Every structure is written in C-alpha cells, then in structure tokens.
Amino acid sequence: MNPRSRTSPQRLNIALGDGTVLAGDHHRSVHDTARGTVLIRTPYDRRQYRAQAGAWQAQGHDVLVQDVRGRYGSTGTWRPYATEGQDGAETARFLEREGLLNGPLFLAGASYDAHCALETARRLEIDGNQLRAAAVVALVPALGLFETARNPDGSPRLRDRIGWWHMHGFAAESRAPLASPDLERRCHEARERGLAHAMPEKIYGAEAPGQWDRLWKAPKLDLATRYGSCQAALLVVSGHRDFFAHEALELAAAWDSGNTGFLTGPWGHRLTGDLDPAAASSLRRHGGLIDRVQEFLDRPDVRPFTREFNPFHDDTDPWEPSDRTRLRATTNPSVRTECESSS
C-alpha cells in the first residue's frame, strides 16, 4: 500500500428509513487500498474525534465517525440506549449500498460508543443480511442502562450518573459539568428525598423525569442471551481502575464467536489518559493501544486470550498472557471516581 497525504474528512449525511438524518465525518485511509472501514458512532460530537480517526487512518483504515440520533449534527430525538443497534445497522448497510464500505467492516468505540458498536454488530446478525461486522473493538464498554447505573453489588453509581446525565442525557449538545458542590448537593438530595429530585424538570425539560426514571428501573442485561450468538470477532479493552471493569469481563466471557480478546492495564475509564507521563511514554514506545488492536484485527484465527499490559517495564514483553481469574481478583469493580465526561 502506498501512503498518500491525509486530507480533511468529508461530511457524510445518511438518511434513515424514518426520516432521521445522521451526520458523519468520513475519513479516508492514507493508503490507496484500505485494510477495512471503521465505524464509530458517538453522542460526544464527531468533530472531537479527529485524532482518534487519524490513528485508525495511519493503520490503513477508512473511518466514519457519526453523531448518534438527536446529538450535535444529527436530527431526531436523543434517548440514550434506545436505538443504536437499528441506527448503526442502517448506517452500515448504507455504506455497503453506496460503495463506501472499503474492505471489512470494523465497529469500534469507547464507553457509550462501545455500546453503539456492540448493538450494531448484534443487529446486523439479527437482520440476517449478508453484511456482518468482521470485528468489534469495545473499549471500557458502558453496556446498558442498568450496567452504568449500578455497581456489581447493585448499589447505585449515583455521583457518576448524575454527572453524566446532567452533561449528556437530555439535550442535543453537552452541558458543562456540574461544579463539585452542586454535584454533591444533588447526590445528597437524591439520597434523602429520592432519585427523582436529582434531575428537576425545570432545568432539564419535560421528558427528563421519565428518562431518569427509566435509567433506574432498567433490568440487568443477560449478556449471554444478548451477545452469546454473535459471530464477529471481539476485542474488549478494559482497565484495573475502570468502574466498568467487571462488566467488561462479563462481556468477554459471554461472547461466543471463538475469537475473543481481552486487554487490560493499570488505567481507568479514560484509558491511557489516566497514566502518568512516564507510563504513557512507555506505552507509546510499545506502539500504544492502537498497535495491539491492529494485531488482533490482523489475526482472524486467533484463539481467545487475555493479556495485561505493564507500562513500567520496558525490557519485557508488555503483552504477557494472563488468566481472567487473576484479573477478576486484581480488578476493583466498585471503584468510584469523579464523573467522566464520556461514559
């Protein structure tokens, strides 16, 4: 493949069957022949994904980064965790129909974006069309309403959820985060007076109480039933300090394609953004996470594996095999952190 100069993305609007128009940025590979097409769907503003798309481009992929329904450049009503499978599948079929699917289809994303990728893969297989995802890359996945709202022991992730839904849950564009005193006051009111008091209608609109109530009444996903028959390859990337680490392990165990990888390291929900400068530099010298992802995508016959990265020892192979039992013991599934802006 001969490299070519990277160009600015092209705007790609896709009209769905119900009239909703989804806005996307289409980034072409820096090579004449792409290794595949990566679809990333996000509620966090596609325009903020230039660097991420560039990393995929440098690996030889075409990339479409798309705003989900009701967010930023896309029309429709935004309801978290409601329509991502259908919308993603329609987007993938559009790319195929218009000759824009360059090589195999890879679905990727972190946090909520990972939910979009997983649901798109599932929907494509349910629909029974020839188009299927070749692989899904789910980084620190935020799997569903229950899984984001509650710790594995069932206790509420109150601080994190109030912060996330305030910022992202009720409008076409994200709000500034709550100041810490305001967030603490909301948490106190929710504990003392009931969850409904955390999201007042006068601030967030008439639909907010219903959506907030929907979050806390959602049932736990049966991951084996939901994803156990999916045949796409799956790579799950988690972290010891990610508050969704327990759910990530459960997802990897439930997926039964015969080609499942699990990578973890000493970071939290922001992945390498949580590392100190020395550790981050070490990770870059080893090629970063994108190289490990590409290794997985390049080996379609790989058997299920679990690997752990140690960025503090440059003189050893950072991808030593490890077993998931030990990872369950060393990963803290109940870590409570400050609200992340993209979970």
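Predicted model: local features only at pLDDT ≥ 70, side-chain atom pairs only at ≥ 80, totals over all residues.
Modeller: A residue is called buried when its relative accessible area is under 20%.

Colleague: How many salt bridges does the whole structure hold, and what does R46 pair with?

Modeller: The search of the whole structure gives 21 salt bridges. In one of them R46 pairs with D25, with 3.2 Å between the closest N and O atoms. D25 lies in strand β2 and R46 in the loop between β3 and α1, so this pair joins parts 21 residues apart in sequence. R46 and D25 are both buried.

Colleague: Why are R35 and D298 called partly exposed?

Modeller: Partly exposed covers the range between the buried limit of 20% and the exposed limit of 50%. R35 has a relative accessibility of 30% and therefore counts as partly exposed. D298, at 44%, is also placed in that class. These two residues form a salt bridge, the closest N and O atoms being 2.8 Å apart. The pair links distant parts of the chain, 263 residues apart: R35 is in the loop between β2 and β3, and D298 in the loop between α12 (288-297) and β9 (305-308).

Colleague: How do you know that strand β2 pairs with β4, and what is the sense of the pairing between β3 and β4?

Modeller: Two strands pair if there are at least two bridges between them. Four bridges join β2 (residues 21-27) to β4, and these strands run antiparallel; H26 stands opposite L64 of β4. Strand β3 (residues 36-42) and β4 share seven bridges and are paired in the parallel sense, with G36 opposite H61 of β4. From β3 the chain passes through helix α1 (residues 50-58) to β4, a β-α-β crossover that is right-handed.

Colleague: What makes strand β4 mostly covered?

Modeller: Seven of the seven residues in β4 (residues 61-67) are buried. H61, V63, V65 and D67 point one way from the strand, D62, L64 and Q66 point the other way, and all are buried.

Colleague: Why is P141 called buried?

Modeller: Its relative accessible area is 0%, and the limit for buried is under 20%, so P141 is placed in that class. P141 lies in the loop between β6 (135-139) and α4 (145-149). Beyond four places away in sequence, P141 touches S111, A114, V236, V237, F244, A248 and L251. The C-alpha atoms of P141 and H115 are 6.3 Å apart, although the residues are 26 positions apart in sequence.

Colleague: How do you know that H166 is buried?

Modeller: H166 has a relative accessible area of 8%, which is under 20%, so H166 counts as buried. The residue is found in helix α5 (residues 158-168). Leaving out neighbours within four places in sequence, H166 is in contact with R175, A176, P177, L178, M199 and Y204.

Colleague: What makes the pair of W212 and W216 edge-to-face?

Modeller: The angle between the planes is 80°, with 5.6 Å from centre to centre. That angle is over 60 degrees and the distance is within 6.5 Å, so the pair is edge-to-face. W212 and W216 both lie in helix α8 (residues 208-217), four residues apart, about one turn of the helix. Both are buried. Ring pairs link W78, Y81, Y112, W164, W165, F170, Y204, W212 and W216 into a cluster.

Note on methods: Residues numbered from 1 in each chain as written. Heavy atoms only, no water. Buried < 20%, exposed > 50% of the residue type's maximum accessible area, 1.4 Å probe, protein only. Helix = DSSP H or I, 4+ residues; strand = E, 2+ residues; numbered from the N terminus. Right-handed = clockwise from strand over helix to strand, strands pointing away. Contact = heavy atoms within 4.5 Å. Salt bridge = Lys/Arg side-chain N within 4 Å of Asp/Glu carboxyl O. Phe/Tyr/Trp six-rings, centres within 6.5 Å; stacked < 30°, edge-to-face > 60°.
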